[in-house]
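Hi everyone, thanks for making time for this. Please have a look at the sequence and the structure on the screen, and then I'll walk you through a few places in it.

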Amino acid sequence: MLDKECIQSRGFRNTVTNDEISGFQFDIRLMYYRGLWLSQIRPISVKIDGVPIPQEDILWEIEGETYKQEDLEKIGDIQWNVLSPATIHVKKKGGLEEGYHELEVDHRFSSSYMPPAMDEVLSFGSHQRRLLLVS
């Protein structure tokens with residue numbers, strides 16, 4: 001079951017690659033009334049404890065497949081379902097320390113019934129949530 005908020009309370013944890021903590025991940029839900037094609041998603045911005053994450057360090061996982069942000073605009077045949085969370089993976093050597101963290105995300109989309117110039121206006125908004133990371 002999904003939380004009402006965009007940033008989900010479950011799924012916030014450090015990620016491990018080759019037996020080393022390589023970053024962290026969290027889940028978000030689609031705050032739109034219907035699904036979106038991946039090509040409609042614009043790059044997400046992420047801040048953790050007030051520090052912005054570089055765009056190249058952010059990956060999307062949707063339905064078990066992982067995508068770079070710059071690749072999303074080229075994928076018009078895969079949809080992010082309104083009932084499925086997306087997992088956002090953030091590369092950060094050493095991950096995050098155990099404890100509370102302030103997470104902020106802002107992401108946008110294009111709509112099939114709006115002109116492309118409106119991309120900057122259509123937004124899911126900025127979402128903030130204080131989450132506990134437990135090792």
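Let's begin with glutamate 102, which counts as partly exposed because its relative accessibility is 39%. Please keep in mind throughout that this is a predicted model. Glutamate 102 has a salt-bridge partner, arginine 130, and the closest N and O atoms of the two are 3.5 Å apart. This pair links distant parts of the chain: glutamate 102 sits in strand β10 and arginine 130 in strand β11, 28 residues apart. And is arginine 130 buried or exposed? Arginine 130 is exposed, because its relative accessible area is 52% and the cut-off for exposed is over 50%.

How many salt bridges does a search of the whole structure find? The search finds five. Another of them is between the side chains of aspartate 106 and arginine 108, at 3.8 Å from N to O. Arginine 108 has a relative accessibility of 24%, so we call arginine 108 partly exposed.

Now look at aspartate 3 and arginine 129, whose side chains meet in a salt bridge at 3.3 Å, N to O. Here too the pair links distant parts of the chain, with aspartate 3 in the segment before β1 and arginine 129 in strand β11, 126 residues apart. Aspartate 3 is buried, since its relative accessible area is 14%, and buried means under 20%. There is also a network here: salt bridges with shared partners join Asp3, Glu5 and Arg129.

Let me pick out phenylalanine 26, which you can find in strand β2. With a relative accessibility of 0%, phenylalanine 26 counts as buried. Setting aside neighbours within four places in sequence, phenylalanine 26 is in contact with Gly11, Phe12, Val46, Ala86, Thr87, Ile88, Val90, Leu103 and Val105.

My next stop is glutamine 69, in helix α1, which covers residues 69-72. Glutamine 69 counts as buried because its relative accessibility is 6%.

Finally, let's go out to the surface. Tyr100, Leu132 and Val134 form a nonpolar patch there, and together they have about 310 Å² of accessible area. Valine 134 lies in the segment after β11. Its relative accessibility is 55%, so valine 134 counts as exposed.

That's the tour, and I'm happy to go back to any of these places with you.

Technical notes: Residues numbered from 1 in each chain as written. Predicted model: local features only at pLDDT ≥ 70, side-chain atom pairs only at ≥ 80, totals over all residues. Heavy atoms only, no water. Patch = residues over 30% accessible without salt bridge, like charges linked within 9 Å, V, L, I, M, F, W, Y side chains within 5 Å. Areas by Shrake-Rupley, 256 points an atom, 1.4 Å probe, with all protein chains shown as cover. Salt bridge = Lys/Arg side-chain N within 4 Å of Asp/Glu carboxyl O. Helix = DSSP H or I, 4+ residues; strand = E, 2+ residues; numbered from the N terminus. Buried < 20%, exposed > 50% of the residue type's maximum accessible area, 1.4 Å probe, protein only. Contact = heavy atoms within 4.5 Å.
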